[in-house]
Amino acid sequence: MAEAVPTAHAEPPQFQHHFVDMAAQREASSLGMWVFLVTEVLFFGGMFTAYVVYRASFRHDFEGASNLLDIRLGAFNTAVLIMSSLTMALAVWASAAGRRKLIIPFLLATILLGSVFLGVKFLEYKQKFEHHEVPGAHFVVPEGLAKPSELFFSLYFCMTGLHALHMIIGIGLLSWLILKARRGEFTPQYNTPVDLVGLYWHFVDIVWIFLFPLLYLLGRHTL
Amino acid sequence: MSAEPEVIAPPRRVDYLNVRYGVKSWLLTTDHKRIAILYLISVTFFFAIGGLMAALIRLELLTPEGDIFQSEFYNRIFTTHGVMMVFFFMIPAIPSVLGNFLIPLMIGAKDLAFPRINLLSWYLYIVGALLAFYATVHGGLDTGWTFYTPYSTVYANGWVVLTGVGVFIAGFSSILTGLNFIVTIHTMRAPGMTWGRLPLFCWSMYATGIIQILGTPVIAITLLLVVAERVFHLGIFNPAQGGDPVLYQHLFWFYSHPAVYIMILPAMAVISELITAFSRKPIFGYKFIAASSMAIAGLSFLVWGHHMFVSGQSIYAGLVFSILSFLVAVPSAIKVFNWTATMYRGSVSYQTPMLYAIGFIGLFTFGGLTGLFLASMGLDIHVHDTYFIVAHFHYIMVGGTIMAYLGGLHFWWPKISGKLYPELWSRVSAWIIFIGFNLTFFPQFILGYLGMPRRYHAYPEEFQVLNVLSTAGASILGIGYVIPLVYFFWSMRYGKDASANPWGVTGLEWQTPSPPPTENFPETPIVTNEPYDYLTAAREAAVRG
């Protein structure tokens, strides 16, 4: 029986024996991550739909409220996230190419950039609290705008908040990768976790690439 | 040859049930078959809760006056009935129990692609369901299972947040199950198990998985917004703050209509297997049935607006949604015609699973045809929110999905438990369920057509006769559900041992012992036959003599 003969080359220790071979395991994991990211697109999609609907209904208030966001901090954060995507891609490359010493520095750099993003986001949120621009009981309708501007800020906080939550989860996953990398688990034969977390991280970055123009740039008329 | 046969006791065969014992071996298992059993127990529990609520509803409606419950409490009862039945029974039932158990067996795999995620999925389901259950025990909520805003976000007095979070968490269970099925069917098929040889059960489960991964995240985010709105007073769906309640309904039904197909596609999956098995004939129109599952999955995302014909949606949107809703009848009819064509000139035997399957075809057709009434806007305005619609979706959900679930449970019970259930009792209960079901829900079509609205605890006196019939039917239906529960338990102890293939049917799951060993097959099977190849199977049996 051909199946009973052990395969000529040994599989890495992470091989799960319900798969035929390591290639099948890698393919399944990768497909699983892509399918998960599809669900994430739909997850954010609900809020993007709400944003589009309300922006069409209350264009003046949405543009006015959008002008109250700090575009400098937003642009800075966009740059930070794109940098973090680069360091993440380099970490994936390092693990695939067997440059084991480089994996951890690149992962650390990604965590650092992610944390900078979250810190800046925190500053922005703080400003909004101070200006009474947080929806709810303490919301004060900004000058020259009407009540629907509150909707803009509701969506702003929900969308960026959910995005920030994904960043926090991403940083947790990166820390887990560092622990595994320290134990020397990643080899050119087995680096699926780095690959998959990389996909996730890029996805979270792409969400921001859509959030930034929608929330900060559309209808902008002041710096 | 026959040296000392009486001294050596036959070694006890190790299967997935007796390989390990103890609570821990079940709660930490990653075996898809054991996880299916965990689901079987838990969905049965929540079915019982939902059923109890249904009993209370029918009890109140026995008389025209609201004499048992106040309307406020009645609202909580039907809400709990809906939430429990939809989110914690109907959506997980067939995929998580039968799908979990069967997909790896049917495609010749050792397990699902992600066994640990499969277990995680069960835990998410349990956490979500227990949150909703806790909310129920402590007073429930009165929004209806649809959580319509701004009632749910501003005015409702009840556990909206807790129930919403429960449904949110259970949603992730559903997503992960669908994800696992899709990846498994793509990557774990045995050699020779091509897409064209995939059992129709798996095709339908694959289509279900697509709806689960594309639809569920939308309800997740929508419920998250409802929770955020209720807690932080955001106003996204509150007209007083500029928000739009109709947007909520769009987002809600964007999931919840496809969710109807999460409930019915797995039922069709089961029926396709049962019909061909008990007709002893290759299924008629394999490709059409497989393709119609995918077509239903695709169309399911384009028809949500037919829930909103009277919600202030634009009339042109209504027209488009109406036409698209009619289109769903096409793939559904393809299935029904192919099933009947399979039975035509087959060697049909009327064992219990087949009774359920034939019952399904009749009731599903009835439910489907009344769905066309509702898809046409003019008629829908007349019967909207009446008992007509209650009867329609119960014909699909109860007459369709639960019949198929029970039929499938009977068909694969020998494989799951290794025991045979008592044939006579099971036939009796199948008939009781069929009669009880029709007596419960057929009068509701008439009630709705005459104008009795849903969700009221009192009604005019002229509706009493039909309501009494419906309540009588519900009690018969209840008895019909209790009997299988009793004899399934009975059979585990006293039932006859099942052979590997007690029905004498094709399919990989019947080529391994009952119950199967932990890794399903002694060695990876190689598939050489077309699916449902009863001609070859009969020839081989004849050669073997």
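User: How many helices and strands does the secondary structure of chain A have?

Analyst: This is a predicted model, in which local features need pLDDT of at least 70, side-chain atom pairs count only at pLDDT 80 or more, and totals for chains, interfaces and linings use all residues. Residues are numbered from 1 along each chain as its sequence is written, while chains are lettered from A and ligands numbered from 1 in the order in which they are written. Helices (H or I, at least four residues) and strands (E, at least two) are DSSP runs, numbered from the N terminus. From that end, chain A runs α-α-α-α-α-α, and its secondary structure comes to 6 helices and 0 strands.

User: What radius of gyration does chain A have?

Analyst: The radius is taken over C-alpha atoms, and the globule rule is 2.2 Å times the number of residues to the power 0.38. The C-alpha trace of chain A spans about 80 × 35 × 30 Å along its principal axes. A compact globule of 223 residues would have a radius near 17 Å, whereas chain A has 22 Å.

User: Which helix gives the most to the side of chain B that touches chain A?

Analyst: The contact (C-beta atoms, placed from the backbone, within 7 Å) takes 33 residues from chain B and 30 residues from chain A. Helix H6 (160-187), helix H7 (200-232) and helix H8 (245-279) of chain B each supply at least two residues of the side that touches chain A. With 10 residues, the helix that gives the most is H7(B).

Definitions and conventions: Two residues are in contact if their C-beta atoms, placed from the backbone, lie within 7 Å.
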